[in-house]
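Visitor: I've got a model open and I'd like to learn how to read it, feature by feature. Where do we start?

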Amino acid sequence: MKTKITELLNIEYPILQGGMAWISEHGLAAAVSEAGGAGIIAGGNAPAEIIREEIKKARALTDKPFGVNIMLMSPNAEELARVVIEERVAFVTTGAGNPGKFMDGWKAAGIKVIPVIPGVALARRMERSGADAVIAEGTESGGHIGENTTMCLVPQVADAVSIPVIAAGGIADGRGVAASFMLGAEGVQVGTRFLAAEECRIPANFKELVVKAKDTDTIVTGKFTGHPCRCIKTKFSRALVQREKDGITPEEFENMTVGALKKAAVDGNIEEGSFLCGSIAGMIEKVQPAAEIIDEMFKRARELLKI
Ligand code: TUI
């Protein structure tokens, strides 16, 4: 399936795997790339040298292109921005900020740059700074989110910029892919469905939460901080939101949430972890190989699009 995104990234299917902190490591990224998509290693808050090792491990598993996601709020973002140049990764996606200051360096190194943007203004700014494409991410996504929905955001971004647009947020099957193309996207980014990939190394209880989730089973924490975060409803995340409603202080919030992503994604700690997840989890029914997920999604999308 050829689009500007398959051409840009030299991949077979126009699908990027979301860069999920503590989750998207070399095994999942390599599996997605081997299957013809664009695998992504998430930098998250990890030290840049750990990610350098992850890049090397992914290279040992696949000759196909993969990327690195740089979470711009990380204290290690600057160092990781250098490591991706040294390691000559094929492409970089960015999240949670404006990557403007890194753009020239990446472009000079021949790295394709694809920022995640939550709105039209930033999409325009990214195009002017030399981005190769943008990921328009709706509020349906897991993790740190903007306010606009995928349905509203994608066509507005597609109208505003000339570079290709990748839709993200709430896409987990062939209908989502087909709809994204109808909205003007030339590719999709999928995170939540890959939580249920066999190659995704999250704890079994996290996968079970995703597979068992219903349509109403995600909740947004941290709205008052300016960095809202969507996760699965658990006793912990419900209590956190209740505390926010009752007037939690920023310090108390910080104490309750420090390390919560790792506690969920690495330890499966149901008592204190934030199980980041998109609101499409209700559609996800089973754990299956990444290649099967991609094949299924694109077989159905092609039937619907009659291509
Ligand atoms: O970044 C994500 N998702 C994430 S990052 C993350 S780690 C984290 N945990 C708690 C609080 C904050 C971060 C977990 N999930 N998705 C991409 C994304 N980027 N969503 C929204 C944005 C975004 C927001 C503002 C991108 C740019 C932006 O620009 C503001 C500016 O500087 O103009």
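Guide: Let's start with strands: here a strand is a DSSP run of E with at least two residues, and strands are numbered from the N terminus. Keep in mind that this is a predicted model. With that in hand, take Cys231, which sits in strand β11, residues 229-232.

Visitor: Is Cys231 buried or exposed?

Guide: The general idea first: a residue is called buried when its relative accessible area is under 20%. Cys231 comes in at 1%, so it counts as buried.

Visitor: Which backbone oxygen does the side chain of Ser129 reach?

Guide: That would be the backbone oxygen of Arg125, at 2.9 Å. Ser129 is in helix α6, which covers residues 120-129. With a relative accessible area of 27%, Ser129 is partly exposed. You can also read a spacing here: Ser129 and Lys101 are 28 residues apart in sequence, and 9.1 Å separates their C-alpha atoms.

Visitor: On to charges. How many salt bridges are there in the whole structure?

Guide: A salt bridge means a side-chain nitrogen of Lys or Arg within 4 Å of a carboxyl oxygen of Asp or Glu. Searching the whole structure turns up 16 salt bridges.

Visitor: Could you walk me through one? Which residue does Glu49 form a salt bridge with?

Guide: Glu49 pairs with Arg52, and their closest N and O atoms are 2.8 Å apart. Both residues are in helix α3, residues 48-61, and they sit 3 residues apart, about one turn of the helix. Their accessibilities are worth checking too: Glu49 is partly exposed at 40%, whereas Arg52 is buried at 13%.

Visitor: Which residues are linked in a network of salt bridges?

Guide: The linked residues are Glu49, Arg52, Arg59, Glu86 and Glu87. Glu252 is partly exposed at 33%, and Arg243 is partly exposed at 34%.

Visitor: What about charges with no salt bridge? Which residues form a negative surface patch?

Guide: For a patch, you pick residues with over 30% relative accessible area and no salt bridge, then join like charges within 9 Å. Glu12, Glu198, Glu292 and Asp295 form a negative one here. One of them, Glu292, lies in helix α14, residues 290-305, and at 36% relative accessibility it counts as partly exposed.

Visitor: Last one: backbone angles. What is the phi of Trp22?

Guide: Trp22 has a positive phi of about 70°, although it is not a glycine. You'll find Trp22 in the loop between β1 (15-17) and α2 (26-34), and it is partly exposed, with a relative accessible area of 41%.

Visitor: And what is the phi of Arg88?

Guide: Arg88 is another residue other than glycine with a positive phi, this one near 50°. Arg88 is placed in the loop between α4 and β4. Its relative accessible area is 56%, so Arg88 is exposed.

Key
Residues numbered from 1 in each chain as written. Predicted model: local features only at pLDDT ≥ 70, side-chain atom pairs only at ≥ 80, totals over all residues. Heavy atoms only, no water. Patch = residues over 30% accessible without salt bridge, like charges linked within 9 Å, V, L, I, M, F, W, Y side chains within 5 Å. Areas by Shrake-Rupley, 256 points an atom, 1.4 Å probe, with all protein chains shown as cover. Lys, Arg positive; Asp, Glu negative; His and termini not counted. Charge placed at Lys NZ, Arg CZ, Asp CG, Glu CD. Helix = DSSP H or I, 4+ residues; strand = E, 2+ residues; numbered from the N terminus. Buried < 20%, exposed > 50% of the residue type's maximum accessible area, 1.4 Å probe, protein only. Polar contact = N/O pair within 3.5 Å; in protein donor to acceptor, adjacent residues only side chain to side chain.
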